[in-house]
Amino acid sequence: MVKWEIRRIKEIIDNKSFCHFFQPIYELKESKIYGYEALLRCKYFSDPEILFQIARECGFLYELDTCSIHNAITSMGDLQQKLFINVFPSTIVHHSFTQFIKKINLFFSRPKK
């Protein structure tokens with residue numbers, strides 16, 4: 001792996017140098033929005049698949065994936081809609097993922113001020 005790729009991936013994760021777009025998912029029977037799919041976008045990579053591939057090769061796929069999940073949830077705001085997030089299987093089976101989900105649940109179950 002080239003050192004600049006490792007630095008770039010770490011920078012993207014550390015600075016959260018990405019955003020999410022929310023693609024509506026429609027319920028066709030009633031012609032209404034059922035929820036949204038979070039789509040990660042990054043100014044350094046026009047194709048998000050390349051970003052995730054390089055993160056995997058650099059050993060930072062779990063970090064990017066969980067950072068993306070957290071960002072997608074927080075970016076959605078207070079909208080009371082279903083949110084669909086793509087997660088890599090390797091992230092789901094990672095030894096820290098259960099703890100990550102517990103933290104997410106705690107964060108979002110706190111009373112709003």
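Analyst: Here is a walk along that helix, then out to what surrounds it.

A word on ground rules: this is a predicted model, where local features need pLDDT of at least 70, side-chain atom pairs count only at pLDDT 80 or more, and totals for chains, interfaces and linings use all residues. Residues are numbered from 1 along each chain as its sequence is written, and side-chain values use heavy atoms, with hydrogens and water left out.

Let's start with the helix itself. Helix α1 covers residues 3-14, twelve residues in total. Helices here are DSSP runs of H or I with at least four residues, strands are runs of E with at least two, and both are numbered from the N terminus. From first C-alpha to last, α1 reaches 16 Å, close to the 16 Å expected at 1.5 Å a residue; the expected span is 1.5 Å times one less than the number of residues.

Now for its two sides. Glu5, Ile9, Ile12 and Ile13 are the buried residues of α1. They cover an arc of only 95° around the axis, so they sit on the same side of α1. That arc is taken from the directions between the helix axis and the C-beta atoms. Buried means under 20% relative accessible area, exposed means over 50%, and partly exposed is in between, using a 1.4 Å probe and protein chains only. On the face turned away from the buried side you'll find the exposed residues Lys3, Arg7 and Asp14. Just past the end of α1, Lys16 takes a positive phi of about 50°.

As a general point, nonpolar side chains in soluble globular proteins tend to be buried together. A nonpolar core here is a set of buried Ala, Val, Leu, Ile, Met, Phe, Trp, Tyr and Cys residues joined through side-chain atoms within 4.5 Å. The largest one has 17 residues, and Ile9, Phe18, Leu51 and Leu64 touch the most other members. Two or more residues come from each of α1, α2 and α3, with α2 giving the most, five residues. Leu64 touches Ile13, Phe18, Leu51, Phe52 and Ala55, leaving aside residues up to four places away in sequence. There is also a second, separate core of five residues, which includes Tyr62, Ile69, Phe97 and Phe100.

Just after α3, Gly77 takes a positive phi of about 70°. Gln80 is in the loop between α3 and β3, and Gln80 is exposed, with a relative accessible area of 75%.

Next come the strands. Strand β1 (residues 19-27) and strand β2 (residues 32-41) run antiparallel, joined by nine bridges; two strands count as paired if DSSP finds at least two bridges between them. Four residues lie between the strands in this hairpin, where Ser31 takes a positive phi near 50°. Phe22 stands opposite Ala38 in β2. β2 also pairs with strand β3 (residues 82-85), this time in the parallel sense over four bridges, and Ile85 in β3 is the bridge partner of Ala38.

If you're wondering about cysteines, a search of the whole structure finds zero disulfides, a disulfide being a pair of cysteine sulfur atoms within 2.5 Å. For Cys19, the nearest cysteine sulfur is that of Cys42, 8.5 Å away. Cys19 is partly exposed, with a relative accessible area of 34%, whereas Cys42 is buried at 9%.

Finally, the whole chain. The protein chain has five helices and three strands, and from the N terminus on its elements run α-β-β-α-α-β-α-α. Buried residues make up 31% of the 113 residues. The C-alpha atoms fill a box of roughly 50 × 30 × 30 Å along the principal axes. Among contacts with a separation of 6 or more, 59% join residues 24 or more positions apart.

Note on methods. Contact = heavy atoms within 4.5 Å.
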